[in-house]
Each structure stands twice: as C-alpha cells, then as structure tokens.
Amino acid sequence: MLQHRKLTYENALTRAAALCSKCEQCSSDILKKLSGWGLSSNDSERVIGRLEELMFLDDERFVRAYAHDKLVFSGWGRMKIARGLWAKRLPRELIDIALESIDEEEYEDVAIRVMSSRTRLYPGMLESYEGRTKLLCFGAGRGFELSLLTKIITTLRKQHEEE
C-alpha cells in the first residue's frame, strides 16, 4: 500500500497557486482540493488567505467568469447558472453579482440561439401544442425564464409561419 507524504503548507500553496493560474477557481473548490491533499483546516485557511492576497483567488471574479462562460459556451440561463454557483457553496451576494453581470442583450441572443437550434433539430415542434410544450420544458431545463421562453417561442412560431 502506498503511503502518501503529508503536504506541507508551502507545497500546498504552490500547488493551489498553480491550479488557480491555469483557470479561474473559487475558494470552496480549492478548500475541497486542500482537504483531499490531507492539509489541516488551519493550514487550508492560511492557503486560501494567501491566495486571495496574491490575487490568485477571487470569488467575485470567479462568479463573473462562471456566469459568462456558462451562458456563452454552455447555453445556460440565469436559473441554471445560479444553481451551479449555489452547488459550489458560494454566498447569495456573489450569486447575485454574477447574475447582474450578465448582459441582457447577449442573454436573449443566447436563449434565441439555443431554442432555434432545438427547433432545427425537431422541425415540427412549433406546429403542435405538445411540441411547443416540450420546447418550453427544454428551455426551462436550460435555466431560462418562462416569460422569455414564451416570447421566443411566439417569435419563432411567427417566423416559421412566414416561411
């Protein structure tokens, strides 16, 4: 059986800083890593504090980047983004900051793109009540608000009838 050497504060700080320099991290993810590496909770808190001092770790910067990336690259709506941030155990204030940082025009464009791609995948979706309901459920699963989804479905339906 392999015996793992216990990580020192300095080694943990170096490894965590390297992680943070590769991509944006939040404090809860780093705390989980440090705990997994066998670092004491006291040393873990010191590492987190030092990473924040050195600007390797900033939860506000993380939530903004997370919200932007999940919207643009994954096609997630505000509700799904909020659930993702909540799952990372981030405070409500930071989640609110992330949601407020989303550009409204870009948000609607992404929602339209996501919904349009679904209607192209299943062409007859807009023609039946059942199809529109499934489309609405799809958009809700992606985290978009029902009011926005109904507006988009109405617009897509009108465009479809004009073609």
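Before I start, a word on conventions. Because the model is predicted, local features are taken only where pLDDT is at least 70 and side-chain atom pairs only at pLDDT 80 or more, while totals for chains, interfaces and linings use all residues. Residues are numbered from 1 along each chain as its sequence is written, and side-chain values use heavy atoms, with hydrogens and water left out.

Let me begin with helix 5, residues 78-87, where helices are DSSP runs of H or I with at least four residues, numbered from the N terminus. Its buried residues are Arg78, Ile81, Ala82, Gly84 and Leu85, and by buried I mean under 20% relative accessible area, with exposed being over 50% and partly exposed in between, for a 1.4 Å probe and protein chains only. These residues cover an arc of only 160° around the axis, which puts them on the same side of helix 5; the arc is that of the directions from the helix axis to the C-beta atoms. As a reminder, an α-helix has 3.6 residues a turn, so residues three or four places apart point the same way. The buried residues of helix 5 pack against helix 4 (59-74), helix 6 (92-100) and helix 7 (104-121), contact being heavy atoms within 4.5 Å. After helix 5 comes arginine 89, with a positive phi near 65°.

A nonpolar core here is a set of buried Ala, Val, Leu, Ile, Met, Phe, Trp, Tyr and Cys residues joined through side-chain atoms within 4.5 Å. The largest has 31 residues, of which Ile81, Leu85, Met115 and Phe144 touch the most other members. Two or more residues each are given to this core by helix 4, helix 5, helix 6, helix 7, helix 8 (129-141) and helix 9 (146-162). Looking at leucine 85 in particular, and not counting residues up to four places away in sequence, we find that leucine 85 touches Phe62, Val63, Tyr66, Leu90, Ile95 and Ala98. There is also a second, separate core of 15 residues, which includes Ala12, Ala16, Leu39 and Leu51.

Now the rings. How many aromatic pairs does the structure hold? There are three, where rings of Phe, Tyr and Trp (its six-membered ring) pair if their centres lie within 6.5 Å, and planes under 30 degrees apart count as stacked, over 60 as edge-to-face and the rest as tilted. Tyrosine 66 and tryptophan 76 are edge-to-face, at 6.5 Å centre to centre with 70° between the planes. Tyrosine 66 lies in helix 4 and tryptophan 76 in the loop between helix 4 and helix 5, so this pair ties together parts that are ten residues apart in sequence. Tyrosine 66 is buried at 13% relative accessibility, and tryptophan 76 is buried at 16%. The rings of tyrosine 107 and phenylalanine 144 have centres 5.4 Å apart and planes at 50°, so that pair is tilted. Since tyrosine 107 lies in helix 7 and phenylalanine 144 in the loop between helix 8 and helix 9, the pair ties together parts that are 37 residues apart in sequence. Ring pairs also link Phe62, Tyr66 and Trp76 into a cluster.

Lysine 70 lies over the face of tryptophan 76, at 4.6 Å from the ring centre, and the charged end of arginine 46 sits over the ring of tyrosine 9, 3.8 Å from its centre. The criterion is NZ of Lys or CZ of Arg within 6 Å of the ring centre and within 35 degrees of the ring normal.

Finally, the cysteines. A search of the whole structure finds zero disulfides, a disulfide being a pair of cysteine sulfur atoms within 2.5 Å. For cysteine 20, the nearest cysteine sulfur is that of cysteine 23, 8.2 Å away. The sulfur of cysteine 26 is 9.4 Å from the closest cysteine sulfur, in cysteine 20, too far for a bond. Cysteine 20 is buried at 8% relative accessible area, and cysteine 26 is buried at 0%.
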